[in-house]
Amino acid sequence: MNAIFTTIFLLSAAVMCFTAPADFLPAMLDGGMNAAKCCLTLFCIYVVWMGLSAVAEDCRITQGAAKLLSPLCTRLFKTKNKEAVESITMNISCNLLGIGGAATPYAVKAVNALEKDKNNYAQELLFIINATSIQLIPTTVIALRAAAGSTAAFDIAIPSLIATFVSTFTGAALYIAFNRIKAKRAAKDKRAKCST
(Lines give C-alpha, C1' and ligand atoms only; values in the text may rest on other atoms or scores of the structure.)
Protein backbone atom coordinates (compact mmCIF):
# COMPACT_ATOMS: atom_id res chain seq x y z
CA MET A 1 0.00 0.00 0.00
CA ASN A 2 2.85 2.37 0.84
CA ALA A 3 4.42 1.69 -2.56
CA ILE A 4 1.11 2.47 -4.33
CA PHE A 5 0.62 5.76 -2.48
CA THR A 6 4.27 6.73 -3.01
CA THR A 7 3.94 6.03 -6.76
CA ILE A 8 0.71 8.06 -6.98
CA PHE A 9 2.34 10.97 -5.11
CA LEU A 10 5.48 10.94 -7.26
CA LEU A 11 3.50 10.79 -10.52
CA SER A 12 1.18 13.60 -9.35
CA ALA A 13 4.14 15.72 -8.24
CA ALA A 14 5.92 15.19 -11.58
CA VAL A 15 2.82 16.17 -13.56
CA MET A 16 2.24 19.24 -11.40
CA CYS A 17 5.88 20.34 -11.65
CA PHE A 18 5.54 20.41 -15.45
CA THR A 19 2.00 21.80 -15.74
CA ALA A 20 1.86 24.28 -12.81
CA PRO A 21 5.24 24.56 -11.04
CA ALA A 22 4.23 27.72 -9.12
CA ASP A 23 1.30 25.88 -7.52
CA PHE A 24 3.29 22.84 -6.40
CA LEU A 25 4.61 24.12 -3.04
CA PRO A 26 1.35 25.89 -2.00
CA ALA A 27 -0.60 22.70 -2.83
CA MET A 28 1.81 20.63 -0.69
CA LEU A 29 1.49 23.05 2.24
CA ASP A 30 -2.32 23.20 1.97
CA GLY A 31 -2.48 19.40 1.84
CA GLY A 32 -0.26 19.12 4.91
CA MET A 33 -2.37 21.66 6.83
CA ASN A 34 -5.62 19.89 5.90
CA ALA A 35 -4.17 16.53 6.94
CA ALA A 36 -3.01 17.96 10.29
CA LYS A 37 -6.47 19.51 10.92
CA CYS A 38 -8.17 16.22 10.07
CA CYS A 39 -5.84 14.26 12.38
CA LEU A 40 -6.39 16.73 15.23
CA THR A 41 -10.18 16.55 14.77
CA LEU A 42 -10.13 12.75 14.83
CA PHE A 43 -7.76 12.78 17.80
CA CYS A 44 -10.19 14.97 19.79
CA ILE A 45 -13.17 12.77 18.88
CA TYR A 46 -11.37 9.59 19.93
CA VAL A 47 -10.00 11.12 23.14
CA VAL A 48 -13.53 12.02 24.24
CA TRP A 49 -15.05 8.63 23.36
CA MET A 50 -12.14 6.55 24.68
CA GLY A 51 -12.36 8.53 27.93
CA LEU A 52 -16.09 7.84 28.14
CA SER A 53 -15.42 4.16 27.40
CA ALA A 54 -12.87 3.99 30.24
CA VAL A 55 -15.35 5.68 32.63
CA ALA A 56 -18.07 3.24 31.50
CA GLU A 57 -15.75 0.31 32.26
CA ASP A 58 -14.81 1.71 35.69
CA CYS A 59 -18.50 2.30 36.55
CA ARG A 60 -19.29 -1.25 35.40
CA ILE A 61 -21.69 0.09 32.74
CA THR A 62 -20.00 -2.14 30.17
CA GLN A 63 -20.69 -5.18 32.33
CA GLY A 64 -24.34 -4.11 32.55
CA ALA A 65 -24.54 -3.69 28.77
CA ALA A 66 -22.84 -7.04 28.32
CA LYS A 67 -25.37 -8.65 30.67
CA LEU A 68 -28.26 -7.03 28.77
CA LEU A 69 -26.94 -8.05 25.33
CA SER A 70 -25.49 -11.34 26.56
CA PRO A 71 -28.39 -13.58 25.43
CA LEU A 72 -28.33 -12.06 21.92
CA CYS A 73 -24.53 -12.19 21.61
CA THR A 74 -24.34 -15.71 23.07
CA ARG A 75 -26.84 -16.95 20.50
CA LEU A 76 -25.56 -14.92 17.53
CA PHE A 77 -21.84 -15.55 18.12
CA LYS A 78 -22.29 -19.05 19.61
CA THR A 79 -20.11 -18.30 22.63
CA LYS A 80 -20.49 -18.34 26.41
CA ASN A 81 -17.14 -16.65 27.01
CA LYS A 82 -18.03 -13.68 29.27
CA GLU A 83 -14.89 -11.70 28.41
CA ALA A 84 -15.57 -12.09 24.68
CA VAL A 85 -19.26 -11.15 25.06
CA GLU A 86 -18.36 -8.02 27.06
CA SER A 87 -15.81 -6.92 24.44
CA ILE A 88 -18.23 -7.68 21.59
CA THR A 89 -20.98 -5.57 23.18
CA MET A 90 -18.57 -2.64 23.69
CA ASN A 91 -17.38 -2.99 20.09
CA ILE A 92 -20.96 -2.93 18.80
CA SER A 93 -21.83 0.03 21.07
CA CYS A 94 -18.87 2.07 19.78
CA ASN A 95 -19.77 1.24 16.19
CA LEU A 96 -23.40 2.25 16.80
CA LEU A 97 -22.07 5.66 17.87
CA GLY A 98 -19.93 5.88 14.73
CA ILE A 99 -16.54 5.75 16.47
CA GLY A 100 -14.86 2.85 14.71
CA GLY A 101 -11.42 3.76 16.07
CA ALA A 102 -12.65 3.33 19.65
CA ALA A 103 -14.36 0.05 18.68
CA THR A 104 -11.18 -1.58 17.34
CA PRO A 105 -9.47 -2.31 20.72
CA TYR A 106 -12.62 -4.07 21.91
CA ALA A 107 -12.71 -6.17 18.73
CA VAL A 108 -9.08 -7.17 19.30
CA LYS A 109 -9.87 -8.15 22.93
CA ALA A 110 -12.88 -10.16 21.76
CA VAL A 111 -10.90 -11.97 19.06
CA ASN A 112 -8.14 -12.84 21.56
CA ALA A 113 -10.74 -14.26 23.96
CA LEU A 114 -12.48 -16.19 21.15
CA GLU A 115 -9.15 -17.54 19.91
CA LYS A 116 -8.65 -19.28 23.26
CA ASP A 117 -11.95 -21.12 22.64
CA LYS A 118 -10.97 -21.78 18.99
CA ASN A 119 -14.29 -20.22 17.96
CA ASN A 120 -13.59 -19.31 14.32
CA TYR A 121 -17.27 -18.77 13.58
CA ALA A 122 -17.59 -15.97 16.16
CA GLN A 123 -14.32 -14.35 15.06
CA GLU A 124 -15.36 -14.28 11.41
CA LEU A 125 -18.88 -13.01 12.19
CA LEU A 126 -17.45 -10.28 14.45
CA PHE A 127 -15.12 -9.24 11.63
CA ILE A 128 -18.10 -8.89 9.26
CA ILE A 129 -20.24 -6.98 11.78
CA ASN A 130 -17.30 -4.77 12.74
CA ALA A 131 -16.44 -4.01 9.10
CA THR A 132 -20.02 -3.16 8.12
CA SER A 133 -21.08 -1.72 11.52
CA ILE A 134 -24.57 -0.26 11.88
CA GLN A 135 -24.19 3.41 12.82
CA LEU A 136 -27.08 5.09 14.62
CA ILE A 137 -25.00 8.27 14.90
CA PRO A 138 -22.03 8.53 12.50
CA THR A 139 -20.11 10.69 15.00
CA THR A 140 -16.76 10.65 13.20
CA VAL A 141 -18.22 11.56 9.80
CA ILE A 142 -20.39 14.31 11.31
CA ALA A 143 -17.40 15.79 13.15
CA LEU A 144 -15.25 15.67 10.00
CA ARG A 145 -18.01 17.32 7.95
CA ALA A 146 -18.42 20.03 10.60
CA ALA A 147 -14.65 20.59 10.73
CA ALA A 148 -14.60 20.90 6.92
CA GLY A 149 -17.18 23.73 7.18
CA SER A 150 -20.36 21.82 6.28
CA THR A 151 -23.53 23.78 7.07
CA ALA A 152 -25.55 20.54 7.32
CA ALA A 153 -23.14 18.09 8.94
CA PHE A 154 -25.99 15.93 10.35
CA ASP A 155 -27.58 15.32 6.92
CA ILE A 156 -25.42 12.20 6.60
CA ALA A 157 -27.11 10.48 9.60
CA ILE A 158 -30.16 8.86 7.94
CA PRO A 159 -28.41 7.76 4.70
CA SER A 160 -25.57 6.37 6.83
CA LEU A 161 -28.00 4.47 9.07
CA ILE A 162 -29.79 2.94 6.05
CA ALA A 163 -26.56 2.02 4.24
CA THR A 164 -24.88 0.49 7.31
CA PHE A 165 -28.03 -1.41 8.35
CA VAL A 166 -28.35 -2.95 4.88
CA SER A 167 -24.62 -3.79 4.68
CA THR A 168 -24.52 -5.33 8.19
CA PHE A 169 -27.73 -7.32 7.74
CA THR A 170 -26.67 -8.56 4.28
CA GLY A 171 -23.12 -9.44 5.36
CA ALA A 172 -24.21 -11.27 8.53
CA ALA A 173 -27.10 -13.08 6.81
CA LEU A 174 -24.89 -14.26 3.93
CA TYR A 175 -22.16 -15.45 6.30
CA ILE A 176 -24.62 -17.36 8.50
CA ALA A 177 -26.31 -18.91 5.43
CA PHE A 178 -23.01 -19.98 3.83
CA ASN A 179 -21.75 -21.30 7.18
CA ARG A 180 -24.87 -23.49 7.50
CA ILE A 181 -24.43 -24.80 3.94
CA LYS A 182 -20.77 -25.56 4.71
CA ALA A 183 -21.73 -27.38 7.93
CA LYS A 184 -24.35 -29.46 6.08
CA ARG A 185 -21.82 -30.41 3.37
CA ALA A 186 -19.25 -31.36 6.01
CA ALA A 187 -21.82 -33.54 7.81
CA LYS A 188 -22.84 -35.14 4.50
CA ASP A 189 -19.20 -35.89 3.59
CA LYS A 190 -18.63 -37.35 7.06
CA ARG A 191 -21.63 -39.65 6.71
CA ALA A 192 -20.44 -40.70 3.23
CA LYS A 193 -16.99 -41.57 4.61
CA CYS A 194 -18.51 -43.53 7.51
CA SER A 195 -20.74 -45.52 5.17
CA THR A 196 -17.74 -46.55 3.03
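Helices (H or I, at least four residues) and strands (E, at least two) are taken here as DSSP runs, numbered from the N terminus. By that reading, the elements of the protein run α-α-α-α-α-α-α-α from the N terminus on, which amounts to 8 helices and 0 strands. The radius of gyration of the protein is 22 Å, well over the 16 Å that the globule rule gives for 196 residues, so the protein is more spread out than a compact globule. For this comparison, the radius is taken over C-alpha atoms, and the rule is 2.2 Å times the number of residues to the power 0.38.

The model is predicted, so to speak of local features requires pLDDT of at least 70, and side-chain atom pairs count only at pLDDT 80 or more, while totals for chains, interfaces and linings use all residues. Residues are numbered from 1 along each chain as its sequence is written, and side-chain values use heavy atoms, with hydrogens and water left out.

The overall dimensions come next. Along its principal axes, the C-alpha trace of the protein spans about 80 × 50 × 30 Å. Of the 196 residues, 27% are buried, where buried means under 20% relative accessible area, exposed over 50%, and partly exposed in between (1.4 Å probe, protein chains only). The protein exposes about 13100 Å², and carbon and sulfur atoms supply 70% of that area; the areas come from the Shrake-Rupley method with a 1.4 Å probe, and for residues only the protein chains shown count as cover. Among contacts (heavy atoms within 4.5 Å) between residues at least 6 apart in sequence, 64% join residues at least 24 apart. As for charge, the mean positions of the 19 positive and 11 negative charges are 16 Å apart. Lys and Arg count as positive and Asp and Glu as negative, with His and the chain ends not counted; each charge is placed at NZ of Lys, CZ of Arg, CG of Asp or CD of Glu.

Helix α2 (residues 21-58) holds Thr 41. With a relative accessible area of 18%, Thr 41 is buried, and, not counting residues up to four places away in sequence, Thr 41 touches Ala 143, Leu 144 and Ala 147. Gly 32 also has its place in helix α2. At 41% relative accessibility, Gly 32 counts as partly exposed. The C-alpha atom of Gly 32 is separated by 54 Å from that of Lys 184, a residue 152 places away along the chain.

Turning to the cysteines, a search of the whole structure finds 0 disulfides, a disulfide being a pair of cysteine sulfur atoms within 2.5 Å. Cys 39 is in no disulfide, and the nearest cysteine sulfur, that of Cys 38, is 5.8 Å away. Cys 39 counts as exposed, at 52% relative accessibility, whereas Cys 73 is buried, with a relative accessible area of 3%.

Two loop lysines complete the picture. Lys 78 lies in the loop between α3 (61-77) and α4 (82-96) and has a positive phi of about 55° although it is not a glycine. At 53% relative accessibility, Lys 78 counts as exposed. Lys 118, found in the loop between α5 (100-116) and α6 (120-132), has a positive phi of about 55° and is likewise not a glycine. Lys 118 counts as exposed, at 72% relative accessibility.
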